[in-house]
Amino acid sequence: MRSVLGTLVAAVGLALAGCATPPGPLGPTTEALFEDALFGPPTEPVGADRIFALTAGMRDYVQTDMAPLVRRHGAQVALVEALYGKGQLKLEYESAVTRNAAEAFEARSGNCLSLVIMTAAFARELGLQVRYQSAFLEESWSRKGSLLLKSGHVNITLGNRLADPGPNPYPRGLTIDFLPQADLRYLRTVEIPESLVVAMFMNNRSVEALVHDRLDDAYAWAREAVRADPSFLAAQNTLGVVYLRRGALAQANTVFEYVLAADPEDTRALSNLAEVATREGRDDRAARLRARLAQLEPEPPLHFYNLGLAAMQREDFRAARDLFAKEAARGDAAADVHYWLGVAYYRLGDIGRAARELSRAAEASASRSERDLYSAKLDWLRAHHAR
């Protein structure tokens, strides 16, 4: 359901389909897109220097926990076993926050981008080469207030080193991924540079600050993301959304026009540019832009989900069930989609399917707290039905 301020579209690497879109073409300098005077200083350190940095505790972990494994199995296998094997770190997938290497290690959790960055940091300490890949997956969208968030996915391949003992079982490199094995069978990937990984991290931090209305932080992270890799159009789009939230319509217009000059079919930038025109009172231009958007994207992200919510409001639960089911079938559905599909089934008296969708909502949750919430609802449903 569209908010009064409109729906702004940002790209972010979060959930188990977590972190990237392919880079766009390089354009002219992006420095003209920045307007520092509109924002205050950020409330946290912003920059690339801490992304891969190891703490003393992490180096101690290399020396005490990894070293024996390296001597027995070689650095590649040792790193995987130390980080992700049973009885070791016991990392947990947590997609709500993007952490740098040290933060992911300390929390023992992170989204796919965080875990890739932490793995890369340890790999460097062990003398391993790394390669990053962006994966092509079904689109995954979620909503945070008036923001629509699009997720992607990255993984990492560990190269070998000559100092390792015995024959190397992975001469072409060992790829680490955080998707279920069944999802990896036909996974298509493209190699990406580390500069793009850095830009993704910064873009994620910007979007996470946006969600909490910390505009000074969001601007600082978006600016540095654009500088880190000017070809990453998602970061430029995020910068434009930051300007929109600040009310700087001229600057937002410039950024979205810049993105569309590089990719005329970028639907995120096109949708946001239409929002700029609406706020400027240029209704004719907004209508033209939205007509173009409708041609490119007849059924926008969460289209059936929004229609389903409207059906729930008018208590048409059969229509809501069908619409939520359509949204769930479109791709990697967010937890909210499964939750509301479960509610629709519940209102129709289908307790079994309601429980199944609540279980799926818990599995698709972006954070431990969200997972606990849906699990509690599922427990209530089962207990209530049993009585």
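1. In this predicted model, the largest nonpolar core comprises 81 residues, and the members with the most contacts inside it are M66, L79, M118 and F122. The element that gives the most to this core is helix α4, spanning residues 112-125, which supplies ten residues.

2. Turning to the aromatic side chains, a search of the whole structure finds nine aromatic pairs. One of them joins Y339 and W340, whose ring centres are 5.3 Å apart and whose planes meet at 70 degrees, so the pair is classed as edge-to-face, given that angles over 60 degrees fall in that class. Y339 counts as buried because its relative accessibility is 17%, whereas W340, with a relative accessibility of 26%, counts as partly exposed.

3. Ring pairs also join F39, Y219 and Y243 into a cluster.

4. Two arginines are placed over phenylalanine rings. R108 lies over the face of F105, at 4.3 Å from the ring centre, while the charged end of R124 sits over the ring of F52, at 4.5 Å from its centre.

Terms used. Residues numbered from 1 in each chain as written. Predicted model: local features only at pLDDT ≥ 70, side-chain atom pairs only at ≥ 80, totals over all residues. Heavy atoms only, no water. Phe/Tyr/Trp six-rings, centres within 6.5 Å; stacked < 30°, edge-to-face > 60°. Buried < 20%, exposed > 50% of the residue type's maximum accessible area, 1.4 Å probe, protein only. Lys NZ or Arg CZ within 6 Å of the ring centre and 35° of its normal. Core = buried A, V, L, I, M, F, W, Y, C linked by side-chain atoms within 4.5 Å. Helix = DSSP H or I, 4+ residues; strand = E, 2+ residues; numbered from the N terminus.
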